[in-house]
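Work through the exercises below with the sequence and the structure side by side. Try each task before reading its solution.

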Amino acid sequence: MKFFIDTANLAEIQEAQDFGVLDGVTTNPSLMAKEGISGKNNVLRHYKAICDIVDGDVSAEVIATDFEGMIREGEELADLDDKIVVKIPMIKDGIKAIKYFSEKGIKTNCTLIFSAGQALLAAKAGATYVSPFIGRLDDIGYDGIDLIEQIRTIFDNYGFDTEILAASIRNPLHIIKCAEVGSDVMTGPLSAILALLKHPLTENGLKQFLDDHAKANG
Ligand code: G3P
């Protein structure tokens, strides 16, 4: 399973890249706003800075919600760097835009997926990735992992190339469950990725090894 980091924070992206397990980055307008990035030129510069740090795909979201606007913005984003994946919302014009970009060989990530039907539509339009938001489903009492499993079955039934990018990951258990049910990618905060490192028996065991070594070696 590929590991993407869901942030627009350059320091966190650099830390994840240096950690050695990073396969890509996803952003959204809220994450860009959180970093205080505004104005078209600053936004484009920031996406380019992210591309310069990571080796993999970088999802950059369009703001327009009409077909022409999404095409205009998406083409501008895609021109920035080969790593850019144009992130498009799951709406009717979004599906048309995904089809358009797919025919032009421009990668897309269909975002705000909350049902298997939405994922199927995006895959049929030729999306490179679909982003089911599992944490937000959990928040309202549904099981986000069930949705990943359902989409996995559908994509496998018909051999869709579209990759499942589990988004809205909140904790290490989400990551493990996504891997169990065969998500292609997960995108989450650095804290959830680093939490995979932790186990009390590892910490206790290492302490014991080092204490014993110190005793034996003075
Ligand atoms: O980038 C989309 C998604 O990962 C957002 O996550 O935590 O805001 O639900 P969250």
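**Exercise 1. A residue in a loop**

Task: Locate S168 and state whether it is buried or exposed.

Solution. Step 1: S168 sits in the loop between β7 and α9. Helices (H or I, at least four residues) and strands (E, at least two) are DSSP runs, numbered from the N terminus. The model is a predicted one, in which local features need pLDDT of at least 70, side-chain atom pairs count only at pLDDT 80 or more, and totals for chains, interfaces and linings use all residues. Residues are numbered from 1 along each chain as its sequence is written, and side-chain values use heavy atoms, with hydrogens and water left out.

Step 1: S168 has a relative accessibility of 11% and therefore counts as buried. Buried means under 20% relative accessible area, exposed over 50%, and partly exposed in between (1.4 Å probe, protein chains only).

Step 2: The backbone of S168 has a phi near 60°, a positive value in a residue other than glycine. Most residues other than glycine have a negative phi.

**Exercise 2. Strand β7 and its partners**

Task: Describe how the side chains of β7 point, and which strands pair with β7.

Solution. Step 1: Strand β7 covers residues 163–166. E163 and L165 point one way, I164 and A166 point the other way, and all are buried. In a regular strand the side chains alternate between the two faces of the sheet.

Step 1: Strand β6 (residues 129–132) runs parallel to β7 and is joined to it by two bridges. Two strands pair if DSSP finds at least two bridges between them. Y129 has E163 as its bridge partner in β7.

Step 2: Strand β8 (residues 185–188) also runs parallel to β7, again with two bridges. Here L165 stands opposite V185.

Step 3: Together with helix α9 (residues 172–180), β7 and β8 make a right-handed β-α-β unit. Right-handed means that, with the strands pointing away from the viewer, the path from the first strand over the helix to the second runs clockwise.

**Exercise 3. The surroundings of S131**

Task: Which residues is S131 in contact with, leaving aside its neighbours within four places in sequence?

Solution. Step 1: S131 is placed in strand β6. Step 2: With a relative accessible area of 1%, S131 is buried. Step 3: Its contacts (heavy atoms within 4.5 Å) are N109, C110, T111, L112, I113, L165 and A167.

**Exercise 4. Salt bridges**

Task: How many salt bridges are there? Trace the pairs of K48, E61 and R152.

Solution. Step 1: A salt bridge is a side-chain nitrogen of Lys or Arg within 4 Å of a carboxyl oxygen of Asp or Glu. By this rule there are 13 salt bridges. Side chains of opposite charge can pair when their charged atoms come close.

Step 1: K48 pairs with D81, and their closest N and O atoms are 2.7 Å apart. K48 lies in helix α3 (residues 40–53) and D81 in the loop between α4 (67–80) and β4 (84–89), so the pair ties together parts that are 33 residues apart in sequence. K48 is partly exposed at 29% relative accessibility, whereas D81 is buried at 15%.

Step 2: E61 pairs with K87, with 3.9 Å between the closest N and O atoms. This pair links distant parts of the chain, 26 residues apart: E61 is in strand β3 (residues 57–61) and K87 in strand β4. E61 is buried, at 13% relative accessible area, and K87 is buried too, at 4%.

Step 3: R152 meets D184 in a salt bridge (3.0 Å, N to O). R152 lies in helix α8 (residues 144–158) and D184 in the loop between α9 and β8, so parts 32 residues apart in sequence are tied together. Step 5: Salt bridges that share partners join K48, D52 and D81 into one network.
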